[in-house]
Amino acid sequence: MGVVIIDGSTVSAFVNDEAQFQKSVDEAFVALDVNNDGVLSRSELRRAFESLRLIESHFGVDVVTPPEELTKLYDSIFEQFDCDHSGSVDQREFRDEIKNILLAIADGLGSNPIQMALEDDNGFLKKAADLEASKFPR
Ligand SMILES: [Ca+2]
């Protein structure tokens, strides 16, 4: 498990680096599309949020949230992603909404750096930190 220090500019730089951002998000999409039908179902998206660890940072869920509330939360997240209400999330919807979420995180962080413990090396925030580290070697 790694620890990274990020602030809003780390996250927004990642989102604004279009090639890098799109590659990361598309890789995540393919990995999450377990049945390879080209779209994310409700359960696939839920697994995405459980594994990408965006929930904790953006939606303020803590570990003691009751399961029924979590399900409600994941349902509302799904609706947010599924812009055209088709019942599934396509690659473009996924990319757009991840971008919105990361920009909201960037806004929330502002210039106050936070230290994050990351258990999952594929998290977007870790990728944002890696990108910054590669540009500004310390
Ligand atoms: Ca699928």
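Student: What kind of model is this, and how are its residues numbered?
Tutor: It is a predicted model, in which local features need pLDDT of at least 70, side-chain atom pairs count only at pLDDT 80 or more, and totals for chains, interfaces and linings use all residues. Residues are numbered from 1 along each chain as its sequence is written.

Student: Which helices and strands does the protein chain have, and in what order?
Tutor: The protein chain has seven helices and two strands. From the N terminus on, the order is β-α-α-α-α-α-α-β-α. Here helices (H or I, at least four residues) and strands (E, at least two) are DSSP runs, numbered from the N terminus.

Student: Why are α1 and α7 called roughly perpendicular?
Tutor: Helix α1 (residues 8–16) and helix α7 (residues 124–135) pack at about 90°, their axes 8 Å apart. Axes are lines fitted to C-alpha atoms, for helices over the stretch in contact, and angles run from 0 to 180 degrees between N-to-C directions. Angles under 35 degrees count as roughly parallel, over 145 as roughly antiparallel, 65 to 115 as roughly perpendicular and the rest as oblique. The pair α1 and α7 is therefore roughly perpendicular.

Student: What makes the contact between α1 and α7?
Tutor: T10, V11, A13 and F14 of α1 meet L125, K127, A128, A129, L131 and E132 of α7. Two residues are in contact if their C-beta atoms, placed from the backbone, lie within 7 Å. By class, this contact has seven nonpolar, one polar and two charged residues. (Ala, Val, Leu, Ile, Met, Phe, Trp, Tyr, Cys and Pro count as nonpolar, Asp, Glu, Lys and Arg as charged, and the others, Gly among them, as polar.)

Student: Which residues of α7 are buried?
Tutor: In α7, F124, L125, K127, A128, A129 and E132 are buried. A residue is buried if 20 or more other C-beta atoms lie within 10 Å of its own, exposed if 12 or fewer, and partly exposed in between, with C-beta atoms placed from the backbone. Across the protein chain, buried residues make up 27% of the 138 residues.

Student: How do you know that the span of α7 is close to the expected one?
Tutor: The expected span is 1.5 Å times one less than the number of residues. With 12 residues, α7 reaches 17 Å from its first C-alpha to its last, close to the 16 Å expected.

Student: Why does L40 count as buried?
Tutor: L40 sits in the loop between α2 and α3. It has 25 C-beta neighbours inside 10 Å, so L40 counts as buried. Leaving out residues up to four places away in sequence, L40 touches L32, D33, L45, A48, S88, V89 and F94. The C-alpha atoms of L40 and D90, 50 residues apart along the chain, are separated by 6.4 Å.

Student: What makes Q115 exposed?
Tutor: Q115 is in strand β2 (residues 114–118). With 8 C-beta neighbours inside 10 Å, Q115 therefore counts as exposed. Beyond four places away in sequence, Q115 touches V3 and I5.
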